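Trainee: I would like to learn how to read a ligand shell and a few backbone angles. Could you walk me through them?

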Amino acid sequence: MNKNNRFLPSHGNDHDGNEMNGTKMGAPVVKDLVLVGGGHTHVEVVRSFGMKPMDGVRVTLVTRDVHTPYSGMLPGFVSGFYKYDECHIDLARLSSWAKARLIHVEASGIDTKARRVQFAGRPSIPYDVLSIDIGITPGSEQVPGARQHTIPVKPIDRCHRLEDERASRKHQQLPPAEITIVCRGHILAGHTGYAQRAFIGIMRQKGIKVIEHRKVVRVDEGMLTVEAPKNGSHMQNGGGAQANGEGHALQQQLLQDNDNTVPFDACMLCTQASAAPWLKLTGLPTDPQGFLAINECLQSDGGPPEVFAAGDVASCAKHPRPKAGVFAVRQGPPLSANLRRFLSGEPLEPFVPQKSWLSLVTTGDKYCVGTKGWIGLQGAWLWTLKDYIDRAFMRKYGEDLPDMMKMMSGPPPPGKLLVQSVDFFRAFWDDPYILGKIAANHALGDVWAMGAKPVSALALAVVPLMTDRLVAEELTQLLSGAVEVNATSNFCKIA
Ligand SMILES: Cc1cc2nc3c(=O)[nH]c(=O)nc-3n(C[C@H](O)[C@H](O)[C@H](O)COP(=O)(O)OP(=O)(O)OC[C@H]3O[C@@H](n4cnc5c(N)ncnc54)[C@H](O)[C@@H]3O)c2cc1C
């Protein structure tokens with residue numbers, strides 16, 4: 001390694017600490033790359049930095065959920081074709097493999113001047129380079145009653161309520177529930193006329209009602225109230241679903257039958273989503289809908305250069321695309337590359353997302369409607385293809401990670417227990433604030449278990465080789481956690 005470049009990131013090491021480009025693992029940490037959100041783009045960034053770490057760069061993943069759902073398999077999950085683990089990426093496992101820190105907490109703000117990510121109820125953390133991939137928030141706020149009476153599609157865990165409903169009907173020996181889809185515009189908006197028509201036909205065969213061009217204006221327990229667009233735009237839209245008149249005829253009949261109300265036992269909300277409201281308070285530039293504005297290099301457009309964003313939460317005015325997992329996934333490699341370039345002071349490179357993509361929509365029975373550009377197809381074989389693509393994607397972030405078993409750290413070693421409450425263990429948890437809490441609780445527990453009464457505490461911490469600033473940060477996080485436990489427990493007089 002060039003001595004003059006001692007603290008500059010080079011091209012990294014492999015996991016065994018072997019020399020690559022003349023450097024070894026264990027170089028002092030000089031830059032903090034913080035990834036907020038474990039979405040489809042960031043899983044690739046974590047993987048990329050795991051495959052090829054940068055000397056002196058510490059990667060931290062801050063995430064609200066440790067298991068992040070892979071969108072392509074969610075419909076299969078809801079249909080019962082995939083188990084939870086098959087369609088969720090384990091971020092703890094991925095970051096452990098990548099030697100990235102995982103901080104399991106929901107970010108609630110960003111101080112872009114001080115360069116810190118903020119959280120409710122715990123100390124903020126600093127960053128030198130920040131990337132945001134937190135997805136979108138279901139738009140339940142937009143419809144009165146939706147929050148109380150509907151099941152949001154995300155987080156997907158809440159979908160178990162649908163399962164409960166299904167099981168309860170079965171238990172009561174009731175027939176399977178009737179399904180009605182209500183859309184403000186066309187069903188499968190943004191898809192081709194072929195896909196829309198094919199879908200309507202399949203829904204009809206299954207006895208599923210489709211009500212298009214009706215805006216849901218309120219949700220009460222067991223009842224939706226809908227209203228038609230004021231300008232009658234459904235007549236003007238002329239989309240694929242109505243091109244052969246079938247959709248229109250179906251809708252006419254439903255409208256008369258339902259008289260602007262649609263009863264339900266369970267209602268799932270898949271409406272337009274919005275960006276997290278707290279993003280507005282960060283001062284980062286946004287588009288008119290509140291999504292983070294990014295340039296072609298996936299960097300904040302007009303904001304601080306060290307801030308990047310990707311996935312559904314970001315929008316690029318130069319290359320607008322639908323909010324879909326396929327685009328978030330495609331942004332992974334260019335975002336990783338540009339983060340590396342930024343960290344090593346090299347010029348960034350623009351990324352242009354594809355204009356045409358393969359869209360495979362499942363119909364709930366291992367059958368798919370697929371479109372790419374003007375080509376439209378359907379069949380069970382498309383499901384097989386989709387299943388193959390999706391499983392390959394999941395393997396990339398799980399079992400196909402190189403030398404996974406070798407690199408996974410073993411169980412945490414037991415702490416040393418001494419009578420005078422001296423307790424010491426390795427950092428088996430990435431998040432220093434939580435580790436501080438655990439350490440304090442653990443030490444107190446030892447004392448209590450011996451029937452003793454804690455009166456004083458002394459903290460001893462060993463931190464990785466880092467710059468003074470980062471050491472101070474690490475200690476602040478650790479000790480804040482420990483002090484908080486002590487303050488809550490109100491046991492130690494001297495700390
Ligand atoms: C039922 C369903 C099916 C779908 N099917 C498809 C499909 O087949 N194909 C397709 O292309 N798209 C599909 N989509 C759309 C797709 O899910 C999204 O476009 C995609 O998930 C966007 O990825 P993302 O990386 O932006 O965010 P997400 O995948 O939503 O990930 C965001 C991550 O950030 C974390 N997070 C959120 N807020 C915070 C916070 N404040 N602090 C820290 N962490 C946070 C979350 O825990 C999550 O891990 C589907 C969506 C749904 C709901």
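Mentor: Gladly! Let us start with a term: helices here are DSSP runs of H or I with at least four residues, numbered from the N terminus. Keep in mind that this is a predicted model.

Trainee: Which helix gives the most to the shell around the ligand?

Mentor: That is α10, which contributes three residues. At least two shell residues each come from α1 (40–51), β2 (57–63), α2 (74–78) and α10 (325–330).

Trainee: Which residues come nearest to the ligand?

Mentor: Gly-37, Gly-39, Ser-71, Gly-135 and Gly-311 do, out of 31 residues around the ligand.

Trainee: Now the backbone. How should I read a phi value?

Mentor: The general idea is that most residues other than glycine have a negative phi. Here, Gln-173 has a positive phi of about 55° although it is not a glycine. His-213 is also a non-glycine residue with a positive phi, near 60°.

Trainee: Where do Gln-173 and His-213 lie?

Mentor: Gln-173 sits in the loop between α5 (160–171) and β12 (180–182). His-213 belongs to the loop between β13 (209–211) and β14 (215–220).

Trainee: Is Gln-173 buried or exposed, and what about His-213?

Mentor: Count C-beta atoms within 10 Å: 20 or more others make a residue buried, 12 or fewer make it exposed. Gln-173 has 6 such neighbours, so it counts as exposed. His-213 has 25 other C-beta atoms within 10 Å, so it is buried.

Methods. Residues numbered from 1 in each chain as written. Predicted model: local features only at pLDDT ≥ 70, side-chain atom pairs only at ≥ 80, totals over all residues. Near = placed C-beta within 6 Å.
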